[in-house]
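Keep the structure open beside the text and click along.

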Amino acid sequence: MSLELSPPLTPRSSSTSINHDTHETYECRVGREKTLQIALKKANEHVDAANIDDYMSQRACLVGDMGEVYRQHKRWKQNLPRVTPHYAVKCNPDPVVLRLLANLEAHFDCASMPEIETVLAHGVHPTKIIFAHPRKEISQARAAIKSGVLRMTTDSEQDLVNARDYFPEAEFLVRISTDDSGSKCQLGSKFGAGEPFDTPQKLLGMGKEWGLKFTGVSFHIGSNSSDPSAFIKAVANSRAIFNYAAELGYDFKVLDVGGGFTNDLFEEMADHLNRALAQYFPSPTVEIIGEPGRFYVGSAYVLAAQVTGTRDVKDPFERVVGCQYDINEGNYGLLASTISDHQEVIPQVLRKRDPTYAPTTYRVFGPTCDAWDNPVDSYNASDKISYGDWVYFEGMGAYTYPCATEFNGNPKAKAYHVSSEMEASARLGWA
Ligand SMILES: *Cc1c(COP(=O)(O)O)cnc(C)c1O
């Protein structure tokens, strides 16, 4: 999406009311204005407030639109009415997101005991939480059970031995391996029962022998998938495990279809999944749950960063053949997603400068003293990038903030929240 921003937006337009609270939350009463527009308004305010006598005020900033999170939740409910969403907290544990989703009666997928504690602190009932780590520390599994979170995933003999000896109250979903070849972030080398690791059948047999509770099957098609049909095969394989479990005398009641949903392919994925569920799990007595992360928050955040260094690349005749610049956010900060999440990002100028400018190839570096801190290797910018300019990146809500470090002493970017939906504002107590 491109947006004309020249001259800069006035920070406080008449249609916008702003409430700062102690958490720097903020609201735009702008109805259904687009996420990007209101996020950029907030980013512009941040830019206007930057002051060279206060180095903290010049930090990069992240703006999250809770209205977009709300819309994604509604989109899930509309397209996957049978599948109870358990938001994958690890993707973005922003307390404002958790507060909104808790208020919307969402359920939660937690990967650790600290995440469980955070979600419980939002008043969520423990039966709405799945501890979706198939190989967890014994102490964390015991603590989860003590706090009322019994539903967990498992994929290995050792985890079952631990359960037998230390947390036999667990209610397991057996996490099966899937074909994740169509996903950008594959999980199969690490997780899932199936060749060349212990098979789900073997684990169920052990569970039976040791009197452990198994209640269903879980899978994950891989994060950031581009293969909607992966759901069909995974659901079919789950049916086979349900049948096998029945032969062993288990009464399976839960199918967990995991995450992997993307903003772009969501409707197509939902369509494939719904058809597979209708074919293989027609009975409404089977509880179907999902663990979306990226889909809920990816598109809801914009990152703005300032250009803090520039230099030209020259040929032996001193002709400029390219440019590079540094920004105050990079691979060790919020742009960590370019490494861990294979995210490809393209910076855009926050304020348009010169429409007659000829496109130039730029390379972008982050702020640290490491040349590997190079979030964008090469891109063609149609605006001149000068020292002190601000650039922004869209789609920065998934696997960014929680993956950022403070390497070189630079604190994480400042985070702001806005809302482009009255309903989201009301549920957050901002209206
Ligand atoms: C990371 C993860 C998710 C969320 O995946 P997305 O691709 O972000 O939707 C869900 N379930 C499990 C077990 C995960 O590890």
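## Ground rules

Throughout, a residue is called buried if 20 or more other C-beta atoms lie within 10 Å of its own, exposed if 12 or fewer, and partly exposed in between, with C-beta atoms placed from the backbone. This is a predicted model, where local features need pLDDT of at least 70, side-chain atom pairs count only at pLDDT 80 or more, and totals for chains, interfaces and linings use all residues. Numbering starts from 1 along each chain as its sequence is written.

## Two annotated residues

Let's start with Cys369, which the unreviewed UniProt entry annotates as "active site". UniProt positions follow the numbering used here, feature names are shortened, and annotations may be inferred rather than shown by experiment. Cys369 sits in the loop between β15 (360–365) and β16 (376–381). Helices (H or I, at least four residues) and strands (E, at least two) are DSSP runs, numbered from the N terminus. Is Cys369 buried or exposed? Cys369 counts as exposed, because it has 7 C-beta neighbours inside 10 Å.

The other one is Lys90, which carries the annotation "modified residue: N6-(pyridoxal phosphate)lysine" in the unreviewed UniProt entry. Lys90 is also a loop residue, placed between β2 (83–88) and α3 (95–103). With 19 other C-beta atoms within 10 Å, Lys90 comes out as partly exposed. Leaving aside residues up to four places away in sequence, Lys90 touches Ala111, Glu115, Gly293 and Pro402; contact here means C-beta atoms, placed from the backbone, within 7 Å.

## Around the ligand

The ligand has 16 residues around it, and the closest are Ala88, Ser223, Gly259, Glu291 and Gly293.

What is the class make-up of the shell around the ligand? It has six nonpolar, six polar and four charged residues. In this scheme Ala, Val, Leu, Ile, Met, Phe, Trp, Tyr, Cys and Pro are nonpolar, Asp, Glu, Lys and Arg are charged, and the others, Gly among them, are polar.

## Strands and their partners

β12 (residues 301–314) pairs with several strands, where pairing takes at least two DSSP bridges. β12 runs antiparallel to β1 (residues 61–65), with four bridges, and Leu62 is partnered with Leu303 there. β12 and β13 make a hairpin with five residues between them, and Glu318 in the turn has a positive phi of about 65°.

Elsewhere, the pairing is parallel: β6 (residues 171–175) and β8 (residues 213–218) share five bridges, with Glu171 opposite Lys213. β8 also pairs in parallel with β10 (residues 254–256) over three bridges, and Val217 partners Leu255.

## Two domains

The chain splits into domain 1 (35–65 + 299–427) and domain 2 (67–297), with bounds from an automatic or database domain assignment. Their C-alpha centres lie 34 Å apart. Across the boundary, 20 residues of domain 1 are in contact with 20 residues of domain 2.

On the domain 1 side, β1 and α12 (422–427) are the elements giving two or more residues. α12 gives the most, with three residues. That side of domain 1 has seven nonpolar, eight polar and five charged residues.

Key:
Near = placed C-beta within 6 Å. Contact = placed C-beta atoms within 7 Å.
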